[in-house]
Structures are given as structure tokens and as C-alpha cells.
Amino acid sequence: SYGTTPRGGGSDGKRTTGGKNATTRGKTHEKTFADGDDLDADADAASFDEAASAVGAGLLVDCPHALPFEYRVRIFRELVKEGRRAAGYGAQAGGADANPADLGQRVRPVAEITIRRDLLLEDALAQIPRLGDAIRGRLAVRYVNAAGGDEAGIDAGGLFKELVSDVLAAGFDPSRGVFASAPSDGALYPCSDAGDTREGLEIVELMGTMTGKALYEGILAEANLAHFFSKALLGAPRTIDDLPSLDPELHRSLIQVLRYDGDVERDLALDWTVEESKFGAVAAFELRPNGANVPVTSDNRMAYVHAVADFYLNARRARANDAFARGLSRCAHPGWLRLFETHELSLLLCGCRDDWDVEDLRTHARYSGGYDKSSKSVAMFWSAVRSMDAAQRRALLKFTTGSTRPPVQGFKHLHPPFTIHKVVGEHGAFAAFGFGADVARLPSASTCFNTLKLPNYRRSSTMREKLRYALAEGKGFELS
């Protein structure tokens with residue numbers, strides 16, 4: 001097994017140290033790699049394959065990043081499967097490891113999570129943390145509508161994906177004051193004062209737990225983590241070079257201190273303290289003993305600059321980072337995550353960030369209910385999708401699969417495959433020629449099965465109009 005859980009961390013402008021997390025990788029990983037190696041080879045090449053596996057296992061232990069990213073993703077999935085089996089839990093409905101025959105429906109849930117949409121985060125905080133390690137098992141989800149009744153969704157996995165998406169969106173929302181987003185790219189990290197209150201730590205740990213569950217189940221999440229924060233979670237040291245991903249202005253100011261040609265002590269009048277707002281008041285933090293009385297000089301400014309960076313990247317955010325890492329490790333073992341570099345962790349969690357490829361989705365799409373790839377309504381659908389802008393295409397993917405982003409390796413790896421199912425609706429005899437009423441029913445979706453239920457519209461204009469309306473209004477499971 002791997003070594004200790006990574007410590008340290010960062011937040012909204014001040015960071016924590018995450019130093020010495022030397023990783024000890026052992027035999028378990030080698031065995032898993034060898035067992036999970038599915039390279040195609042005939043029986044005559046068995047000895048060669050055995051030698052190649054031994055070389056690959058050595059690379060995995062000593063230098064995992066030398067192996068292709070796609071290969072490490074497969075290894076990660078095998079580690080998850082093995083860990084799940086060893087713990088005695090069944091696969092999550094809607095997850096990557098669910099049985100394709102029943103999509104995990106025959107697995108007994110370890111718990112049922114009941115969620116009110118207007119109290120989503122509160123309900124999640126009351127139920128999910130108390131699950132402990134059982135979070136790795138199958139969770140059944142029930143949404144309650146505003147009238148107090150069950151929403152019309154059957155949890156074959158879609159409600160669970162909705163839960164992950166909704167909880168992460170609510171907890172990561174910067175307006176809540178627990179997480180902040182970088183102005184340059186919107187990347188997320190805990191606020192520095194998130195670790196100062198019990199409520200803040202509870203939310204941060206819950207976000208770590210749900211992020212870990214998303215990784216564990218192979219579900220894409222809307223959570224692009226900041227570079228310096230990802231490094232903290234992977235146990236990598238953070239230095240002044242990582243400061244721009246947190247506070248570019250502070251980084252520029254520190255570089256100016258290093259390059260200043262005049263008398264640093266007299267002209268800049270700095271001491272070994274930093275100040276930040278804490279609960280509405282300005283709090284001073286000393287970077288060294290008696291720092292308020294120690295001036296920054298030309299001789300010690302290098303140490304001062306690194307001390308400031310260390311405070312904001314590490315020391316100030318240690319409690320919040322540790323809370324997130326603690327939640328994350330309930331599902332995603334820290335050693336498993338060290339298979340990936342910082343940018344790869346975000347790719348594993350969020351999928352491809354760019355606009356997705358319509359032709360890739362079309363190539364791997366399936367059809368049911370009477371549709372095939374040559375059906376007129378299907379052709380109109382793909383034409384409508386090609387005419388959508390990037391935001392509308394993300395909304396379509398969210399509507400049908402529960403995520404706005406495609407799988408890391410493309411739609412070939414979307415399970416179950418994207419399917420367009422025919423829904424027969426009433427229409428006028430000459431609707432296709434522009435006369436009479438077209439089908440009035442809206443498209444609907446089953447995110448459990450990644451299925452779009454598409455009525456047999458007769459006009460392209462109706463197809464575009466109904467898709468636009470459904471994507472804009474299709475929140476929840478009450479729309480039909």
C-alpha cells in the first residue's frame with residue numbers, strides 16, 4: 001500500500017505547508033498492475049508479457065508519469081475495483097464499475113440519502129459524513145420536491161450523479177464563503193479562513209468526500225481545482241513558483257521586493273509580518289519570532305519572500321487542506337492519486353475542458369425504440385446539435401448524462417453509451433411540409449442510462465425549439 005495522507009494546503013489568498021509526505025509504494029501496487037494488465041497477446045508470447053509486466057510495474061512504482069496517461073487511468077480503475085472488492089462493497093449504480101447488465105441495480109445500498117433541493121447542502125452534511133468508509137458502497141438517492149413528495153426519478157444511477165453534481169456545486173460556490181475561485185481561470189480552492197470554524201471545516205471535508213466519491217465511481221464533476229491546491233492534495237511541495245495560481249498580484253509584489261535596487265529596509269519599511277482580514281477584522285501573523293520588530297533588509301529579503309509564500313500557500317491553509325484531504329481519502333487513496341500529475345488530476349476529475357466533439361458523440365451513439373442512424377428525426381437532431389453554441393452543447397450533455405463534460409478518453413468510454421430513444425407523438429399529416437401541428441411533447445432524458453428520449457418531430461424548427469426549451473427548463477426530475 002501507499003504512504004501517508006498528504007497534508008498542507010491552500011485557499012483564497014493564503015496557503016499551508018504540505019511538506020514531507022514521502023511516498024512508500026509497495027508490493028500491492030505491483031501486483032495490481034500485473035493483474036490489471038490487459039494487453040492483448042497470444043499464449044506463445046506469455047514469457048515476454050510477463051517480463052514486460054515486470055518492467056511496467058517497476059515504472060509504476062518508481063516513475064509512474066513515464067507511463068501514458070490513459071494507461072494510468074486504467075490502472076487507477078483496477079485499483080478502485082480491487083479496493084472495493086477487498087472492502088466488501090458493491091458497485092455504485094451509475095458508476096463506472098456497475099454491472100452493464102443491470103447497471104448496479106442488484107447491489108444492496110449501504111444507505112438511502114434523502115435530499116430536499118432547498119436544503120441540499122444541509123441535508124448532505126447531516127447524512128453523508130456519518131457514513132464513514134461505507135461511502136464507498138452503493139448509495140440510493142431520493143429527492144424531495146417543494147411539496148414534500150418524492151420527485152419522479154427512479155435511482156438507477158442518475159439521481160446519484162445528480163446528487164454529486166448538486167452537492168459539489170453548492171459547496172464550491174464562492175458566494176458561500178468557504179471556497180474561492182481564481183480570477184484567471186475559475187479554479188477552486190478553500191478560503192484561508194475556512195479552517196477557522198467548525199462549520200467551514202465540515203463543508204470542506206464534505207467537498208473532499210464527494211470529490212473522492214466522484215473519482216472513485218468515475219463520475220465527472222464540475223470541480224476544476226487550483227494548481228497549488230492540487231499539489232497539496234498530491235503531497236507535492238508548494239513554493240513561490242506556485243503563488244501565481246493563488247494570488248498573481250502578491251507574486252508580482254514579492255518579485256519586485258527581490259529585484260529592488262534601493263535600500264530595502266529604509267525605502268520599503270517591511271517587517272516579518274503579514275496581515276489579512278479575519279471575521280471582519282485585520283489580523284497580523286508573524287513569520288518568525290518577534291517578527292513585528294525585525295526589519296526586512298537587502299540581506300534577508302530572499303528568506304522573507306519565501307516565508308511569505310510559505311505562509312499563504314501552506315501554513316495558513318493547513319487545517320482546511322487537511323480536512324479536504326481527509327474527506328478525499330475516504331474513497332480515493334492518496335497513493336492512487338499520486339499516479340497522476342497536478343494537471344492530470346483535474347483531467348481525471350473534470351474530463352476534457354474544451355468543447356466536446358459532436359462527431360465523436362455521433363460515432364458512438366446508439367438508437368432504440370424504432371430509431372436508427374438514418375431516421376429523419378435523428379438527422380434533424382444532429383443538425384440541431386451542430387448548430388448549438390458551446391454552452392448549449394454542454395447543457396445537452398448535462399441533460400442526458402448528468403455531466404457537462406465528456407469522459408477523459410472520449411465518448412467511446414461513456415457507459416452506458418449515449419442512446420437516442422424514439423418517443424412517438426401525435427402530429428398533423430402534413431406537419432413535415434410545414435402545415436398543421438407538429439409533435440408537442442418535449443424531449444426528456446434518463447441520466448441513469450445516458451438516454452435522450454426524443455419525440456419524432458417532423459420539422460427542424462420544432463426540433464430546435466423543443467430542445468432549447470427542455471435544456472433551459474429541465475432541472476430536476478418532474479419535467480416530462
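Me: How many helices and strands does the secondary structure of the protein come to?
Reply: The model is a predicted one. Its secondary structure comes to 17 helices and twelve strands. Of the 480 residues in the protein, 51% are buried.

Me: What share of the contacts with a separation of 6 or more comes from residues 24 or more positions apart?
Reply: Such residues account for 73% of those contacts.

Me: Why is helix α11 called largely enclosed by the rest of the structure?
Reply: A residue counts as buried under 20% relative accessible area. Eight of the eleven residues of α11 (residues 318-328) are buried, so the helix is largely enclosed. The buried ones are Ala-320, Asn-321, Asp-322, Ala-323, Phe-324, Ala-325, Gly-327 and Leu-328.

Me: Which residues make the contact between α6 and α11?
Reply: The axes of these two helices come within 6 Å and cross at roughly 35 degrees, and the crossing is right-handed. On the α6 side the contact is made by Leu-201, Val-204, Glu-205, Met-207, Gly-208, Thr-209, Thr-211, Gly-212 and Leu-215. On the α11 side it is made by Arg-319, Ala-320, Ala-323, Phe-324, Arg-326, Gly-327 and Leu-328. By class, the residues of the contact of α6 with α11 divide into eight nonpolar, five polar and three charged.

Me: What makes α3 roughly perpendicular to α6?
Reply: Helix α3 (residues 69-87) and helix α6 (residues 198-217) pack at an angle of about 105 degrees, with their axes 9 Å apart. Angles of 65 to 115 degrees count as roughly perpendicular, so α3 is roughly perpendicular to α6. Phe-76, Arg-77, Val-80, Gly-83 and Arg-84 of α3 make the contact with Leu-215, Tyr-216 and Glu-217 of α6. The contact of α3 with α6 has four nonpolar, one polar and three charged residues.

Me: Why is Thr-297 called buried?
Reply: The cut-off for a buried residue is under 20% relative accessible area. Thr-297 has 18%, so it is buried. Thr-297 lies in the loop between β8 and α10 (301-313). Leaving aside its neighbours within four places in sequence, Thr-297 is in contact with Val-264 and Glu-265. Glu-265 is 32 residues away along the chain, and the C-alpha atoms of Thr-297 and Glu-265 are separated by 4.7 Å.

Me: How do you know that β7 and β8 pair?
Reply: Two strands pair if there are at least two bridges between them. Strand β7 (residues 273-278) and strand β8 (residues 281-286) are joined over six bridges, in the antiparallel sense. Glu-276 stands opposite Ala-283 in β8. The hairpin of β7 and β8 has two residues between the strands, and Phe-279 takes a positive phi near 55 degrees there.

Me: In which sense do β3 and β4 run?
Reply: Strand β3 (residues 111-116) runs parallel to strand β4 (residues 139-144), joined to it by six bridges. Ile-113 stands opposite Val-141 in β4. The covered face of β3 holds Ala-111, Ile-113 and Ile-115, and the uncovered one Glu-112, Thr-114 and Arg-116.

Me: What makes β9 and β11 edge strands?
Reply: They belong to an open sheet of four strands in the order β9-β10-β12-β11, with mixed pairing. Each of β9 (366-368) and β11 (444-446) pairs on one side only. Neighbouring strands of this sheet are turned by 25 degrees against each other on average, direction ignored. Three bridges join β11 to strand β12 (residues 451-455), and the two run antiparallel. Ser-446 stands opposite Thr-451 in β12. Helix α16 (residues 390-401) lies across β11 and β12, at about 55 degrees to β11.

Key
Residues numbered from 1 in each chain as written. Predicted model: local features only at pLDDT ≥ 70, side-chain atom pairs only at ≥ 80, totals over all residues. Heavy atoms only, no water. Buried < 20%, exposed > 50% of the residue type's maximum accessible area, 1.4 Å probe, protein only. Axes fitted to C-alpha atoms, helices over the stretch in contact; angles between N-to-C directions. Contact = heavy atoms within 4.5 Å. Parallel < 35°, antiparallel > 145°, perpendicular 65-115°, else oblique. Nonpolar A, V, L, I, M, F, W, Y, C, P; charged D, E, K, R; others polar. Left-handed = near helix turned anticlockwise from the far one by under 90°.
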